[in-house]
Amino acid sequence: MKTIGIGLVGSGFMGRCHANAYSSVAGLFDVPLKPKLKMLAEANPELAKEAARSLQFERFTADWPELVNDPEVELVDITAPNHLHQPIALAAIAKGKPVYCEKPLACTLEEAKTMRDASESAGVATLVGYNYLQNPMIQTAREIVQSGEIGELFSFRGVHAEDFMADAQAPYTNRLDAEQGGGALYDIGSHIISLARFLVGPLCEVMGMQSTVFTERPEATNSKQMKTVKVDDQTHFLARFENGCSGTLEAS
Ligand SMILES: NC(=O)c1ccc[n+]([C@@H]2O[C@H](COP(=O)([O-])OP(=O)(O)OC[C@H]3O[C@@H](n4cnc5c(N)ncnc54)[C@H](O)[C@@H]3O)[C@@H](O)[C@H]2O)c1
(Lines give C-alpha, C1' and ligand atoms only; values in the text may rest on other atoms or scores of the structure.)
Protein backbone atom coordinates (compact mmCIF):
# COMPACT_ATOMS: atom_id res chain seq x y z
CA MET A 1 0.00 0.00 0.00
CA LYS A 2 1.24 3.48 -0.84
CA THR A 3 2.09 5.68 2.12
CA ILE A 4 2.01 9.40 2.98
CA GLY A 5 4.50 10.96 5.42
CA ILE A 6 2.78 12.96 8.16
CA GLY A 7 4.31 15.98 9.89
CA LEU A 8 2.30 17.00 12.95
CA VAL A 9 2.76 20.41 14.61
CA GLY A 10 1.42 20.35 18.17
CA SER A 11 0.75 17.34 20.38
CA GLY A 12 -1.84 18.62 22.84
CA PHE A 13 -5.45 17.45 23.00
CA MET A 14 -6.09 17.61 19.26
CA GLY A 15 -2.60 16.55 18.17
CA ARG A 16 -3.07 13.31 20.11
CA CYS A 17 -6.50 12.78 18.47
CA HIS A 18 -5.01 13.24 14.99
CA ALA A 19 -2.03 10.98 15.70
CA ASN A 20 -4.36 8.30 17.02
CA ALA A 21 -6.53 8.56 13.88
CA TYR A 22 -3.51 8.33 11.54
CA SER A 23 -2.36 5.20 13.35
CA SER A 24 -5.69 3.40 12.96
CA VAL A 25 -7.33 4.76 9.80
CA ALA A 26 -5.85 2.28 7.33
CA GLY A 27 -7.09 -0.64 9.45
CA LEU A 28 -10.62 0.73 9.69
CA PHE A 29 -11.30 2.26 6.28
CA ASP A 30 -10.43 1.55 2.69
CA VAL A 31 -7.99 4.45 2.18
CA PRO A 32 -5.65 4.91 -0.81
CA LEU A 33 -2.66 6.00 1.33
CA LYS A 34 -1.43 4.67 4.66
CA PRO A 35 -0.24 7.49 6.97
CA LYS A 36 3.34 7.19 8.27
CA LEU A 37 4.10 9.25 11.38
CA LYS A 38 7.34 10.90 10.20
CA MET A 39 7.96 13.98 12.32
CA LEU A 40 6.41 15.79 15.26
CA ALA A 41 7.06 19.45 16.14
CA GLU A 42 6.46 20.87 19.59
CA ALA A 43 7.15 24.13 21.41
CA ASN A 44 10.39 22.87 23.01
CA PRO A 45 12.74 19.87 22.64
CA GLU A 46 11.58 18.10 25.83
CA LEU A 47 7.91 18.21 24.84
CA ALA A 48 8.78 17.22 21.27
CA LYS A 49 10.88 14.23 22.36
CA GLU A 50 8.30 12.92 24.82
CA ALA A 51 5.35 13.39 22.43
CA ALA A 52 7.22 11.72 19.54
CA ARG A 53 7.97 8.77 21.82
CA SER A 54 4.42 8.35 23.14
CA LEU A 55 2.69 8.94 19.80
CA GLN A 56 5.29 6.87 17.91
CA PHE A 57 6.64 9.46 15.46
CA GLU A 58 9.97 8.57 13.84
CA ARG A 59 11.59 11.96 14.51
CA PHE A 60 10.93 15.24 16.34
CA THR A 61 11.88 18.90 16.30
CA ALA A 62 11.25 22.05 18.35
CA ASP A 63 11.43 24.15 15.19
CA TRP A 64 8.32 23.74 12.99
CA PRO A 65 10.01 25.13 9.80
CA GLU A 66 12.35 22.12 9.98
CA LEU A 67 9.29 19.85 9.83
CA VAL A 68 7.76 21.77 6.91
CA ASN A 69 11.05 21.54 4.96
CA ASP A 70 11.70 17.87 5.71
CA PRO A 71 11.54 15.87 2.45
CA GLU A 72 9.87 12.88 4.16
CA VAL A 73 7.01 15.07 5.39
CA GLU A 74 4.40 14.98 2.63
CA LEU A 75 1.45 16.43 4.56
CA VAL A 76 1.58 19.14 7.23
CA ASP A 77 -1.01 18.81 9.99
CA ILE A 78 -1.43 21.86 12.25
CA THR A 79 -2.79 21.29 15.74
CA ALA A 80 -0.84 24.15 17.33
CA PRO A 81 -2.59 27.18 18.91
CA ASN A 82 -4.69 29.35 16.58
CA HIS A 83 -2.20 32.21 16.08
CA LEU A 84 0.30 29.74 14.53
CA HIS A 85 -2.09 28.35 11.91
CA GLN A 86 -1.42 30.98 9.25
CA PRO A 87 2.41 31.07 9.27
CA ILE A 88 2.72 27.27 9.32
CA ALA A 89 0.08 26.77 6.62
CA LEU A 90 1.62 29.41 4.34
CA ALA A 91 5.07 27.82 4.72
CA ALA A 92 3.70 24.36 3.88
CA ILE A 93 1.73 25.63 0.89
CA ALA A 94 4.87 27.40 -0.38
CA LYS A 95 6.55 23.97 -0.36
CA GLY A 96 3.57 22.52 -2.29
CA LYS A 97 2.56 20.28 0.65
CA PRO A 98 -1.08 19.52 1.49
CA VAL A 99 -2.25 21.09 4.76
CA TYR A 100 -4.70 19.81 7.34
CA CYS A 101 -5.26 22.75 9.66
CA GLU A 102 -7.33 22.74 12.81
CA LYS A 103 -10.16 25.21 13.25
CA PRO A 104 -10.54 28.16 13.46
CA LEU A 105 -8.62 28.58 10.23
CA ALA A 106 -7.00 31.85 11.34
CA CYS A 107 -7.28 34.69 13.84
CA THR A 108 -8.47 37.36 11.37
CA LEU A 109 -10.35 37.45 8.07
CA GLU A 110 -7.27 38.89 6.35
CA GLU A 111 -5.09 36.00 7.56
CA ALA A 112 -7.68 33.50 6.36
CA LYS A 113 -7.84 35.14 2.94
CA THR A 114 -4.05 34.91 2.52
CA MET A 115 -4.28 31.19 3.28
CA ARG A 116 -7.15 30.63 0.86
CA ASP A 117 -5.43 32.63 -1.89
CA ALA A 118 -2.08 30.88 -1.40
CA SER A 119 -3.62 27.39 -1.54
CA GLU A 120 -5.74 28.24 -4.58
CA SER A 121 -2.86 29.71 -6.56
CA ALA A 122 -0.52 26.83 -5.60
CA GLY A 123 -3.20 24.21 -6.29
CA VAL A 124 -2.47 22.57 -2.94
CA ALA A 125 -5.09 20.38 -1.21
CA THR A 126 -6.25 21.73 2.15
CA LEU A 127 -8.72 20.78 4.84
CA VAL A 128 -9.86 22.68 7.94
CA GLY A 129 -10.65 20.60 11.03
CA TYR A 130 -14.42 21.08 11.04
CA ASN A 131 -14.96 17.48 12.10
CA TYR A 132 -18.68 17.87 12.78
CA LEU A 133 -19.27 18.42 9.05
CA GLN A 134 -18.06 14.86 8.46
CA ASN A 135 -20.59 13.42 10.91
CA PRO A 136 -23.10 11.19 8.99
CA MET A 137 -25.98 12.77 10.95
CA ILE A 138 -25.01 16.28 9.79
CA GLN A 139 -24.46 15.06 6.23
CA THR A 140 -27.97 13.53 6.28
CA ALA A 141 -29.41 16.80 7.59
CA ARG A 142 -27.78 18.62 4.69
CA GLU A 143 -29.16 16.11 2.18
CA ILE A 144 -32.66 16.60 3.65
CA VAL A 145 -32.33 20.41 3.40
CA GLN A 146 -30.94 20.30 -0.13
CA SER A 147 -33.56 17.83 -1.37
CA GLY A 148 -36.30 20.34 -0.50
CA GLU A 149 -37.98 17.74 1.71
CA ILE A 150 -38.58 20.28 4.49
CA GLY A 151 -39.26 23.19 2.13
CA GLU A 152 -37.68 26.61 2.24
CA LEU A 153 -35.62 27.46 5.34
CA PHE A 154 -36.83 30.54 7.23
CA SER A 155 -35.15 30.10 10.59
CA PHE A 156 -31.95 28.54 11.93
CA ARG A 157 -31.08 28.14 15.61
CA GLY A 158 -27.58 26.90 16.44
CA VAL A 159 -25.99 26.39 19.85
CA HIS A 160 -22.52 25.07 20.58
CA ALA A 161 -22.23 24.89 24.35
CA GLU A 162 -19.52 23.06 26.28
CA ASP A 163 -18.95 23.06 30.01
CA PHE A 164 -15.20 22.62 30.24
CA MET A 165 -14.68 26.25 31.35
CA ALA A 166 -17.91 26.50 33.39
CA ASP A 167 -15.96 26.09 36.64
CA ALA A 168 -14.60 29.46 37.81
CA GLN A 169 -11.53 27.61 39.14
CA ALA A 170 -10.66 26.11 35.72
CA PRO A 171 -7.18 27.52 35.11
CA TYR A 172 -6.07 30.00 32.45
CA THR A 173 -4.91 28.35 29.19
CA ASN A 174 -3.98 29.49 25.69
CA ARG A 175 -7.70 29.12 24.84
CA LEU A 176 -8.21 32.32 26.90
CA ASP A 177 -5.27 34.24 25.47
CA ALA A 178 -6.32 36.99 23.06
CA GLU A 179 -2.84 37.01 21.48
CA GLN A 180 -3.19 33.32 20.63
CA GLY A 181 -6.69 33.57 19.13
CA GLY A 182 -8.55 32.55 22.29
CA GLY A 183 -12.19 32.96 23.33
CA ALA A 184 -15.42 31.01 22.91
CA LEU A 185 -16.31 32.51 19.53
CA TYR A 186 -13.04 31.42 17.90
CA ASP A 187 -12.80 28.15 19.79
CA ILE A 188 -16.29 26.66 19.54
CA GLY A 189 -18.29 29.41 17.81
CA SER A 190 -16.29 28.54 14.69
CA HIS A 191 -17.89 25.06 14.78
CA ILE A 192 -21.49 26.30 14.88
CA ILE A 193 -20.79 28.93 12.21
CA SER A 194 -19.31 26.26 9.93
CA LEU A 195 -22.37 24.11 10.56
CA ALA A 196 -24.75 26.99 9.82
CA ARG A 197 -22.94 27.65 6.53
CA PHE A 198 -22.94 23.94 5.68
CA LEU A 199 -26.68 23.50 6.29
CA VAL A 200 -28.11 26.89 5.30
CA GLY A 201 -25.49 28.73 3.23
CA PRO A 202 -23.35 31.85 3.53
CA LEU A 203 -24.15 34.44 6.21
CA CYS A 204 -24.41 38.08 5.13
CA GLU A 205 -25.25 40.09 8.25
CA VAL A 206 -24.66 39.59 11.97
CA MET A 207 -25.23 41.52 15.19
CA GLY A 208 -24.38 40.26 18.62
CA MET A 209 -22.77 40.56 21.98
CA GLN A 210 -19.91 38.93 23.82
CA SER A 211 -19.37 38.55 27.53
CA THR A 212 -16.64 37.38 29.85
CA VAL A 213 -18.28 35.52 32.72
CA PHE A 214 -15.08 34.90 34.71
CA THR A 215 -12.84 37.93 34.35
CA GLU A 216 -10.04 36.28 36.35
CA ARG A 217 -8.84 32.68 36.52
CA PRO A 218 -6.08 30.87 38.47
CA GLU A 219 -2.80 30.94 36.56
CA ALA A 220 -2.51 27.15 36.99
CA THR A 221 -4.49 24.39 38.72
CA ASN A 222 -4.84 25.20 42.47
CA SER A 223 -2.75 28.38 42.10
CA LYS A 224 -3.73 31.43 44.19
CA GLN A 225 -2.18 33.68 41.54
CA MET A 226 -4.96 35.05 39.30
CA LYS A 227 -4.75 36.09 35.66
CA THR A 228 -7.10 38.51 33.88
CA VAL A 229 -9.26 37.07 31.10
CA LYS A 230 -9.86 39.45 28.19
CA VAL A 231 -11.69 37.18 25.75
CA ASP A 232 -15.33 36.05 25.59
CA ASP A 233 -16.70 33.12 27.59
CA GLN A 234 -19.88 33.42 25.56
CA THR A 235 -21.03 35.00 22.32
CA HIS A 236 -24.62 35.32 21.13
CA PHE A 237 -25.62 36.76 17.78
CA LEU A 238 -28.44 37.27 15.31
CA ALA A 239 -27.63 36.31 11.75
CA ARG A 240 -29.08 36.77 8.31
CA PHE A 241 -28.16 34.36 5.53
CA GLU A 242 -27.80 35.27 1.86
CA ASN A 243 -30.83 33.12 0.99
CA GLY A 244 -33.07 35.20 3.28
CA CYS A 245 -33.12 32.76 6.21
CA SER A 246 -32.46 34.38 9.60
CA GLY A 247 -31.41 32.90 12.89
CA THR A 248 -29.59 32.94 16.21
CA LEU A 249 -26.22 31.42 17.01
CA GLU A 250 -24.61 30.89 20.37
CA ALA A 251 -21.21 29.74 21.61
CA SER A 252 -20.64 29.23 25.31
N1 LIG B 1 -11.83 20.16 15.71
C2 LIG B 1 -12.06 20.15 17.01
O3 LIG B 1 -13.10 19.71 17.48
C4 LIG B 1 -11.02 20.73 17.93
C5 LIG B 1 -11.04 20.41 19.30
C6 LIG B 1 -10.05 20.96 20.13
C7 LIG B 1 -9.09 21.81 19.60
N8 LIG B 1 -9.11 22.12 18.27
C9 LIG B 1 -8.11 23.03 17.69
O10 LIG B 1 -6.85 22.37 17.72
C11 LIG B 1 -5.80 23.32 17.98
C12 LIG B 1 -5.05 22.86 19.23
O13 LIG B 1 -5.94 22.79 20.30
P14 LIG B 1 -5.65 21.82 21.55
O15 LIG B 1 -6.91 21.74 22.31
O16 LIG B 1 -5.00 20.58 21.10
O17 LIG B 1 -4.62 22.73 22.36
P18 LIG B 1 -3.44 22.24 23.32
O19 LIG B 1 -3.02 23.45 24.07
O20 LIG B 1 -3.86 21.02 24.07
O21 LIG B 1 -2.29 21.80 22.29
C22 LIG B 1 -1.57 22.71 21.54
C23 LIG B 1 -0.15 22.17 21.44
O24 LIG B 1 0.61 23.02 20.57
C25 LIG B 1 1.90 23.13 21.13
N26 LIG B 1 2.62 24.30 20.60
C27 LIG B 1 2.59 25.58 21.05
N28 LIG B 1 3.45 26.33 20.35
C29 LIG B 1 4.05 25.52 19.44
C30 LIG B 1 5.06 25.71 18.46
N31 LIG B 1 5.63 26.91 18.25
N32 LIG B 1 5.44 24.65 17.70
C33 LIG B 1 4.87 23.42 17.90
N34 LIG B 1 3.92 23.18 18.83
C35 LIG B 1 3.51 24.22 19.60
C36 LIG B 1 1.66 23.20 22.63
O37 LIG B 1 2.83 22.92 23.37
C38 LIG B 1 0.56 22.17 22.80
O39 LIG B 1 1.07 20.87 23.05
C40 LIG B 1 -6.49 24.67 18.14
O41 LIG B 1 -6.43 25.37 16.93
C42 LIG B 1 -7.93 24.32 18.48
O43 LIG B 1 -8.87 25.31 18.06
C44 LIG B 1 -10.03 21.57 17.44
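1. Sorted by class, the residues that form the shell around the ligand comprise ten nonpolar, ten polar and five charged ones. The model is a predicted one, and the remarks below should be read with that in mind.

2. In total, 25 residues surround the ligand, and the closest are M14, E42, N82, K103 and N131. Seen at the level of domains, the shell draws at least three residues from domain 1 (3-129) and at least three from domain 2 (136-251).

3. Which pocket holds the ligand? The ligand sits in the second largest pocket.

4. For N131, a polar side-chain atom lies 2.8 Å from a nitrogen atom of the ligand. With H85, an N or O atom of the side chain is 2.9 Å from an oxygen atom of the ligand, while a polar side-chain atom of R175 lies 3.1 Å from a ligand oxygen atom. Taken on its own, the ligand has 840 Å² of accessible area, of which the protein covers 82%.

5. The bond that joins K103 and P104 is a cis peptide bond, with omega at about -15°, and P104 has its place in the loop between β5 (99-101) and α5 (109-122). K103 is also listed among the residues closest to the ligand.

6. Where is Q56 found? Q56 belongs to the loop between α2 (45-55) and β3 (59-61), and its phi is near 70°, a positive value in a residue that is not glycine.

Definitions and conventions:
Residues numbered from 1 in each chain as written. Predicted model: local features only at pLDDT ≥ 70, side-chain atom pairs only at ≥ 80, totals over all residues. Heavy atoms only, no water. Near = heavy atom within 4 Å. Polar contact = N/O pair within 3.5 Å; in protein donor to acceptor, adjacent residues only side chain to side chain. Areas by Shrake-Rupley, 256 points an atom, 1.4 Å probe, with all protein chains shown as cover. 1 Å grid on protein atoms, 1.4 Å probe; cavity = no way out; pocket = protein on both sides within 12 Å on 5 of 7 lines; lining within 4 Å. Sits in = over half its atoms within 2 Å of the grid points. Nonpolar A, V, L, I, M, F, W, Y, C, P; charged D, E, K, R; others polar. Domains from an automatic or database assignment. Helix = DSSP H or I, 4+ residues; strand = E, 2+ residues; numbered from the N terminus.
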